[in-house]
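Here's a quick briefing for anyone meeting this structure for the first time. Take a look at the sequence and the 3D view, then read on.

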Amino acid sequence: MTLRIEMVTIDCEDPRRLAEFWAPALELDVLADYGGEFVLLGRPGESPNVGLQKVPEPRVGKNRVHFDLHGEPRAAAAERMVGLGAKILTEHTMPGLAWIVLADPEGNEFCIGEHTD
């Protein structure tokens, strides 16, 4: 049997507040809210989902796993994310690829990339 990714979970201080960012950012629905301790985002019948899990401590240092998002022109996508509450941290380019590193409202980093010619 082959394993597949069902969900990526982000540890956070306030799952409901972070859902207000990630749901519109990724055009996902709130599928379940377990008393504000865990919020499940996704599209019905599709995976992977995004889980937002309450933890007692704030994030310290760089997160070890992050989203690499593609699909919109990176500058426009980054501008949209900033409008939702993200912050731009840095920008990188290399032959064939360019990306912008951002942080969500709790400081979790993610990238918006674009293949270049």
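**How the two domains meet**

Across the interface of domain 1 and domain 2, the rule finds 1 salt bridge. The partners are Arg17 and Glu106, whose side chains meet at 3.5 Å, N to O. Keep in mind that this is a predicted model.

**The layout**

- The chain splits into domain 1, covering 1-57, and domain 2, covering 66-116.
- On the contact itself, domain 1 puts in 14 residues, while domain 2 puts in 12 residues.

**The buried area**

- Interface size is often quoted as the accessible area lost when the parts come together.
- Here, domain 1 and domain 2 bury about 1100 Å² between them.
- Of that buried area, 68% is on carbon and sulfur atoms.

**Polar links**

- Between domain 1 and domain 2, the count comes to 5 residue pairs in polar contact, with both residues at pLDDT 80 or more.

**Domain 1's side of the contact**

- Which elements give two or more residues to the side of domain 1 that touches domain 2? They are strand E1 (7-12) and helix H1 (15-26).
- H1 supplies the largest share of that side, with 7 residues.
- Sorted by type, the residues on the side of domain 1 that touches domain 2 come out as 10 nonpolar, no polar and 4 charged.

How values were computed
Residues numbered from 1 in each chain as written. Predicted model: local features only at pLDDT ≥ 70, side-chain atom pairs only at ≥ 80, totals over all residues. Heavy atoms only, no water. Domains from an automatic or database assignment. Contact = heavy atoms within 4.5 Å. Buried area = accessible area lost by both parts, 1.4 Å probe. Salt bridge = Lys/Arg side-chain N within 4 Å of Asp/Glu carboxyl O. Polar contact = N/O pair within 3.5 Å; in protein donor to acceptor, adjacent residues only side chain to side chain. Helix = DSSP H or I, 4+ residues; strand = E, 2+ residues; numbered from the N terminus. Nonpolar A, V, L, I, M, F, W, Y, C, P; charged D, E, K, R; others polar.
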